[in-house]
Amino acid sequence: MKILIDIGHPAHVHFFKNAIWSWNNKGYEVKITARKKDVTIDLLDAYGFEYACLGMNRKGLVKKALGMARNDYLLYKIAKEFRPDVLLGIHDPYIAQVGKLIGKPSIIFTDTEPVRFNWLVFPFASVICTPSCFRRNIGQKQVRYEGYHELAYLHPKYFKPDPTVLEDLGINSRFIVLRFISWSAYHDVSLRGFHNESEIELVKTLENYGHVFITSEKRLCKKLEKYKLKIPPEKIHSLLYYADLYIGEGGTMAVEAAVLGTPSIHIEATSSGIATGELSGNFLELRNRYNLLYFYPDQNQALEKAISILEDKNSKKKWRRKRKELLKDKINVTAWMTNFVEEYANSF
């Protein structure tokens, strides 16, 4: 079997990596294409994957529109030469559109209801796989599974925390991971997070409760540069596992922290001031059912919650227990995905 996978974000590398290794072990041929976004290429290199780079992710709607035509063309050329049996991507318009052009099935994974431009993806996809908590009904193409994207790589079968990350950073006390994003992705248009002028004050407040490490897609100001996290990108999940708190704008990292049993707070709002977590099934389930994740439209409410968590010396133990309850309910997503993709492709 020949499988073509397009990667547009660091989280996509993690989502597919265990499936790729499984398919390689079975003798399947997997072709990876990727675009430069944050540490995507660094991760592919760290895991030893071969890939074809399609260039940079464009900033701005006009440049993204022009880039879409270019990416479609480049992916189409690769697909025509590779001749895949099935194409895979995460809310990936290029995979869906090229699959339609070459007459091969495309399987799209998505877990974010508020994401824009579904019309560029869903009509062209053969199947759309979503978590069971996904709030939208996409129709006959939709297949639901009892899990989250993040459990494709953070399920205990695959993830074992690496304590050397603490040695790398010289940590032997409490610490907090803070995340800033660039807001350049097409699904981030019209959304907002931290107020730039309040970032330094936020760090100073959190610093009263432990070391603060910042992971950021955007360039940090000079006063915050000393907090910048300097570890290989493949070690970030081990750091999140040991952290006493995650707080930030990155939605994926917020869910990652939560399913790892770390108190997690997400800060993001729509243009009308609604916390985006209110619109996302996985965020709502992680808050309402498991009490693992909180989300707010601004940093004032988020900081108040962060302080209450950090002042509770037992919060980490509480989150570990909650994580165990979650894992009882959820499936091994990689095992489900590999089986589904193989059966679906073979049906053709």
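Residues are numbered from 1 along each chain as its sequence is written, and side-chain values use heavy atoms, with hydrogens and water left out. Because the model is predicted, local features need pLDDT of at least 70 and side-chain atom pairs count only at pLDDT 80 or more, whereas totals for chains, interfaces and linings use all residues.

Helices (DSSP runs of H or I, at least four residues) and strands (runs of E, at least two residues) are numbered from the N terminus. Two strands are said to pair if DSSP finds at least two bridges between them. Under this criterion, seven strands form an open sheet with parallel pairing, in the order β3-β2-β1-β4-β5-β6-β7. The edges are formed by β3 (52-56) and β7, each of which pairs on one side only. On average, neighbouring strands of the sheet are turned by 20° against each other, direction ignored. Here and below, axes are lines fitted to C-alpha atoms, for helices over the stretch in contact, and angles run from 0 to 180 degrees between N-to-C directions.

Helix α1 (residues 10-25) packs on it and touches β1 (2-7), β2 (29-36), β4 (86-90) and β5; contact means heavy atoms within 4.5 Å. The direction of α1 makes about 165° with that of β1. Helix α4 (residues 93-102) lies across β1, β2, β4 and β5 and runs at about 160° to β4.

Within the sheet, strand β6 (residues 127-131) has parallel partners on each side. Strand β5 (residues 106-109) pairs with β6 over three bridges; Ile-107 is bridged to Val-127, and Phe-109 to Cys-129. Strand β7 (residues 142-145) is joined to β6 by four bridges, with Val-143 as the partner of Cys-129. Residues are termed buried under 20% relative accessible area, exposed over 50% and partly exposed in between (1.4 Å probe, protein chains only). Five of the five residues of β6 are buried, so the strand is largely enclosed by the rest of the structure. Val-127, Cys-129 and Pro-131 cover one side, and Ile-128 and Thr-130 the other; all are buried.

A further parallel pair consists of strand β8 (residues 175-180) and strand β9 (residues 211-216), joined by six bridges. One of these links Ile-176 to Val-212. Five of the six residues of β9 are buried, so this strand is also largely enclosed by the rest of the structure.

Helix packing was examined for α6 (residues 199-206) and α11 (residues 299-311), whose axes come within 11 Å and cross at roughly 15°. The two helices are therefore roughly parallel. In their contact, Leu-202, Thr-205 and Leu-206 of α6 meet Leu-303, Ala-306, Ile-307 and Leu-310 of α11.

Helix α10 (residues 281-288) is mostly covered, with six of its eight residues buried. These residues are Gly-281, Asn-282, Phe-283, Leu-284, Glu-285 and Leu-286. Among the elements that cover them are α9 (251-259), β11 (264-267), β12 (293-296) and α12 (315-329).

Note on methods. Angles under 35 degrees count as roughly parallel, over 145 as roughly antiparallel, 65 to 115 as roughly perpendicular and the rest as oblique.
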